[in-house]
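Please read it beside the sequence and the structure shown here.

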Amino acid sequence: MQNHKSMDKRTPGTYLFSFILISWFLLVLLTPLLSFTPNNVHLEKILLTPSFHHGLEGLLGYDDLGRSVLERLLSGAKISFLVAFGVAFIALCIGTIIGLISAYIGGVWDHIIVRLIDIFMAFPGILLAIALSGLMGPGIDNVMIALCVVGWVGYARLTRAQVLSIKQREHVSSARALGASHIQIISKHILPLIISPLIIEFTFAIAGLVIAEAGLSFLGLGIQAPESSWGNMIKEGSQYLLISPHLVIMPGLCLLLVVLSVNQIGDALRDYLDPKTLVYSRRVGRKNTGRKR
Amino acid sequence: MFIHFLLSRLLSALLVIFGVILIVFLLIHLVPGDPIEVMLGDSPTMADREQLRQSLGLDQPILTQFFQYFNRLLHFDLGESIHSGRKISEILFPRIWPTVYLTLASLFVAIVIAFPLGIMSALNKNTMIDKMAMGISLIGISIPNFLMGPLLILIFSILLGILPVNGNDSISSIVLPALTLGTALAAILSRMIRASLLETMTMDYVRTAKAKGLSKYQIIYKHTLRNALLPVVTIIGLQFGALLGGAVITEMIFSWPGLGQLTIESIQKRDYPVVQACMLLITTTYVLVNTLTDLAYAALDPRIRLDAKS
């Protein structure tokens with residue numbers, strides 16, 4: 001069905017995208033060591049275009065307050081990394097546990113959780129996140145809470161579907177017959193089998209979350225000035241589109257490259273980790289395989 | 001049998017809408033501190049506060065509040081705006097058409113771009129054309145609309161000067177918002193169309209058609225495309241939610257006076273009853289569209305009904 005290069009046929013594209021992602025990780029890890037000042041105002045350099053004349057700091061130009069675009073991009077990279085990985089991980093844990101409970105215990109719990117999943121899926125994802133972070137107030141913690149509330153559903157649905165089929169398999173019945181405890185069955189006989197689709201879901205979730213965080217910040221509901229996020233940089237920059245398009249293009253390019261790389265790596269991972277067992281579910285197109293019960 | 005499927009889908013849609021109402025109702029209790037203080041802002045008098053508290057029913061136990069809220073909704077009473085004091089239905093009503101207009105226009109853009117792209121890549125599988133088309137669609141998926149919007153404005157309004165930046169006064173003003181909102185869907189759709197076509201091409205009846213000596217054109221248009229389109233129609237229905245969600249951001253970029261803009265403006269004004277009403281309207285629409293898509297699909301393809309029954 002898919003036509004992407006698998007990981008064992010490594011292409012220049014895969015290398016390039018991996019390189020971009022690794023640089024993203026490294027930059028985030030190294031930012032505490034770099035002495036940079038994304039909020040420093042240089043009044044004489046307001047709206048300067050990218051050039052080599054102002055050293056590394058001015059490489060990508062200056063914004064409307066005379067702050068270095070490069071340094072603000074780096075600090076935005078940190079924010080989007082924190083939010084994306086933080087939320088994806090928390091949502092992964094919550095969603096997997098809920099999905100496990102639903103499928104493994106079954107009965108009334110399953111019914112309740114399935115209804116709950118249906119209800120959360122009924123909201124267009126970004127809309128619920130917008131409302132939640134709008135009501136709770138801006139700030140990185142509220143953004144993360146809002147995105148977790150929206151994000152757990154995908155994992156829960158995926159885990160439930162996987163566990164439902166795996167718990168019927170012979171190896172699980174044998175383990176049970178041999179007297180294995182529920183914890184043992186789940187951790188040794190079920191979880192290892194559902195981990196690959198979860199990893200793939202996690203990867204695509206990262207792309208979605210980077211966009212979502214930037215989107216919320218773009219709307220003014222996420223990261224607030226003076227703290228920089230790629231989203232609020234695009235928002236501030238779009239007021240100066242006519243004279244300084246670099247203020248939108250630079251953060252936009254970062255966003256695009258990171259999201260593109262994550263999506264591409266996700267595609268490669270999906271081909272690499274057996275695609276047949278996969279109920280592919282992605283925030284944007286997640287209902288495209290499983291029909292409703 | 002179709003009646004059975006119809007009733008069960010409608011029932012589950014109603015249940016979901018009930019749950020949505022519950023969540024939207026609970027949203028107002030998420031506001032940190034006292035929602036009344038937050039909504040009224042600085043220095044409200046005690047009397048003002050109590051009056052608002054009473055009119056929103058916030059002085060009642062939470063269960064009573066919910067049933068009152070639900071009861072009012074059943075009578076199509078959405079309450080009043082805190083900011084302007086007008087009835088919310090009056091505020092909401094003129095905002096519906098611009099959003100519908102924008103969503104339909106984006107859907108049109110998506111279909112016009114996605115079909116040629118998807119069909120072209122499926123027919124030229126693994127060639128340069130296919131790779132380029134899928135590359136473009138991957139970029140389309142990865143560009144968020146709040147980046148696409150400003151970029152389109154930069155190209156078409158500022159550099160070329162052929163399209164207006166914002167507003168909703170002429171036909172040309174829909175072009176940029178619809179392109180912004182439609183491209184992401186176009187990207188997803190073109191991949192689905194390609195995958196669905198490729199899958200259909202491996203079917204036995206296509207081989208039979210080839211063996212009969214039908215021309216390539218006949219095979220594609222009479223045998224493959226029609227069968228491949230069915231799942232694509234479902235995807236369009238399911239992606240409608242992403243479109244509605246994306247409309248919120250797109251409307252903000254282009255000052256498009258629709259429901260999305262109203263939602264964000266109301267969040268900024270802390271006019272929470274209006275936010276709730278917008279959420280309800282958008283989400284209910286999405287649920288209804290989804291249910292209709294499911295039903296249409298089942299009506300067209302009996303296998304779905306049998307599946308659902310077992």
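**The interface and the core**

1. A salt bridge joins the side chains of A:Asp267 and B:Arg191, at 3.6 Å from N to O; the term denotes a side-chain nitrogen of Lys or Arg within 4 Å of a carboxyl oxygen of Asp or Glu. Across the interface of chain B and chain A, the rule finds 1 salt bridge.

2. The model is predicted: local features need pLDDT of at least 70, side-chain atom pairs count only at pLDDT 80 or more, and totals for chains, interfaces and linings use all residues. Residues are numbered from 1 along each chain as its sequence is written, chains are lettered from A and ligands numbered from 1 in the order in which they are written, and side-chain values use heavy atoms, with hydrogens and water left out.

3. In contact (heavy atoms within 4.5 Å) are 59 residues of chain B and 48 residues of chain A. The buried area, which is the accessible area (1.4 Å probe) that two parts lose on being put together, summed over both, is about 4,600 Å² between these chains, and carbon and sulfur atoms give 77% of it.

4. The largest nonpolar core has 169 residues. Such a core is a set of buried (under 20% relative accessible area, 1.4 Å probe, protein chains only) Ala, Val, Leu, Ile, Met, Phe, Trp, Tyr and Cys residues joined through side-chain atoms within 4.5 Å. Those with the most contacts inside this core are A:Trp24, A:Leu147, A:Val210, A:Trp230 and B:Met279.

5. A:Trp230 touches residues including A:Trp24, A:Val210 and A:Pro251, not counting residues up to four places away in sequence.

Conventions. Buried means under 20% relative accessible area, exposed over 50%, partly exposed in between (1.4 Å probe, protein chains only).
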